[in-house]
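This report covers confidence, one hairpin, a surface patch and selected salt bridges. The sequence and structure come first.

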Amino acid sequence: MSAVVLLLAILVGVLALLVIGLLRSHAEILRALHDAGISLDPDREHDHDHSGGRGGGRAGRAERSPSGTPTFTSDIAPTIRTTDGVPEPAGSTGRRAVDIAGITPNGGTRTVSIAPSDQATLLAFLTTGCATCADFWGAFAEGVELPADTRLVVVTQGPETESPADVAAMAAPHVLTIQSTDAWDDYGVPVAPYFALVDGRRGVVVGEGAASSWDRVRTLLDRALADAGYGAGQVRRRDLLLGKARTERVDRDLARAGLSPGDPRLFHEPVVPDEDAEPGDQEQPRP
Amino acid sequence: MKVRSRGIELDLPPGWEAEIDGGAGEGTGAPSGEVLTPRTHIANFPMPPVRGDFGSGAVEQMIDGDVLLCLLEEAGEAVGSRLHGHAGIPRLAAGDFSPQAMQRPLKGQSGAQVFFHDQGRAFVLYVVVGSHLSRASRIDAINQVLAGITLTAD
């Protein structure tokens, strides 16, 4: 009899160990699901905080699909976080364009109509102090190639921050330069140099961000303009009527034929027909 | 957009831009003692940063539909002259425009020039349209801009 009791006690103990193991395993599974942002507790679906989990700070909640499978949904679009001090990539922000008013390097008071316009405007927010900005000032003075539908406007902060004399010394006469702190505020400029491309037809910012070289800006510019429907073989009416489109096409054709400005083949003596030549003789151009 | 400088206030319709400065010589090393009077340029197309008083540098880029207004103040002795006898900022009509009124004739373009005085100041208003043939279609817009100009005494 005592042997039977002892056997039952051992059996109960083994079963108890099995139950404890199963409960522990279940708890670990629940903890893992919780860390993954999935809650199976219907009473706590709406008050979860996933900030410390693997969700990377995304706000969300667990829901059940019609089949009963838990799924994760998010109320906020995923965002890209960058290190402090580094601006987030903006791309097409949809920010409304704002006309600019400020002073020019020669002391004038100037407004610039950004929209409505049949062209895009590239706003270059520069300072006179930063080394990277100096590269852009220099590039603009030497002349940068812009898409046909794009206008460049350099914007510095107002005279309360930037010395007008310093701006005048840096600004190229052929590049529209304006001092306007309001413009920096309106376009939310976080750092310098900073660029914003505005679609004049829709009146919205179609691309913005910081860049360290003109080549990088030009790459972003071409992409944003293509997305906005500019360029891509289109000829602007203004360029067509002013003959600029024809000039550019001729330059392209000559370049394709291997003729560059100053090529000696462009300056040879004109071909003069030889009056004594028999019909059919081939005329040779003079060297 | 509103802008104000040198006793000239502009209330511009959308799509127009302007610059008010001290004349072509300001900031360009003009001879000392030379009197520089306010110069205002208003346009409905992108104005280049460097322009002559009467719009040279800008008029060459104008096409059909473009308008440039040049409001140039003249020296004080012009006030009271018969040339500037018109009082107040004028309004224009299609008949005021002529290709012969251009400072430098440009094919297809047309100009109008009016002298006037206001607030004890004498001005010349010179307006260029990109196309003489379609000048009538721009008159309302030109007069809307002129209505948005307010001059105050120096």
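Is Arg256(A) buried or exposed? In this predicted model, Arg256(A) has a relative accessible area of 66% and is therefore exposed, the cut-off being over 50%. Its salt-bridge partner is Asp253(A), which is partly exposed at 37% relative accessible area. Both residues belong to helix α7 (residues 244-256) of chain A, where they are three residues apart, about one turn of the helix.

**Confidence**

Chain A has a mean pLDDT of 75, with 67% of its residues at 70 or more. Where pLDDT is low, predicted coordinates should not be read in detail.

**Salt bridges**

The count over all chains comes to 13 salt bridges. Three of them are listed here.

| Pair | N to O distance |
|---|---|
| Arg110(A) and Glu17(B) | 2.6 Å |
| Asp253(A) and Arg256(A) | 2.7 Å |
| Arg121(B) and Glu73(B) | 2.7 Å |

The bridge between Arg121(B) and Glu73(B) joins strand β7 (residues 121-129) of chain B to strand β5 (residues 67-73) of chain B, so parts 48 residues apart in sequence are tied together. Arg121(B) is buried at 2% relative accessible area, and Glu73(B) also counts as buried, at 9%.

The pair Arg110(A) and Glu17(B) crosses between chains, from strand β4 of chain A to strand β3 (residues 17-21) of chain B. Both residues are buried. They are also part of a salt-bridge network that includes Arg151(A), Glu19(B) and Arg51(B).

**The hairpin of chain A**

Strand β4 (residues 109-112) of chain A pairs with β3(A) in the antiparallel sense, over four bridges. Ile103(A) stands opposite Thr109(A) of β4(A). Five residues separate the two strands, and Gly107(A) in this hairpin has a positive phi near 90°. In strand β3 (residues 100-103) of chain A, Ile100(A) and Gly102(A) form the covered face, while Ala101(A) and Ile103(A) form the uncovered one. In a regular strand, side chains alternate between the two faces of the sheet.

**A nonpolar patch**

A nonpolar surface patch of about 760 Å² is built from residues including Val4(A), Leu6(A), Ile10(A) and Leu18(A). Leu6(A) lies in helix α1 (residues 2-35) of chain A and is exposed, with a relative accessible area of 53%.

Methods. Residues are numbered from 1 along each chain as its sequence is written. Chains are lettered from A and ligands numbered from 1 in the order in which they are written. This is a predicted model: local features need pLDDT of at least 70, side-chain atom pairs count only at pLDDT 80 or more; totals for chains, interfaces and linings use all residues. Side-chain values use heavy atoms; hydrogens and water are left out. pLDDT is the predictor's confidence in each residue, from 0 to 100. Buried means under 20% relative accessible area, exposed over 50%, partly exposed in between (1.4 Å probe, protein chains only). Two strands pair if DSSP finds at least two bridges between them. Patches are made of residues with over 30% relative accessible area and no salt bridge: like charges are joined within 9 Å, nonpolar side chains (Val, Leu, Ile, Met, Phe, Trp, Tyr) within 5 Å. Accessible areas come from the Shrake-Rupley method with a 1.4 Å probe; for residues, only the protein chains shown count as cover. A salt bridge is a side-chain nitrogen of Lys or Arg within 4 Å of a carboxyl oxygen of Asp or Glu.
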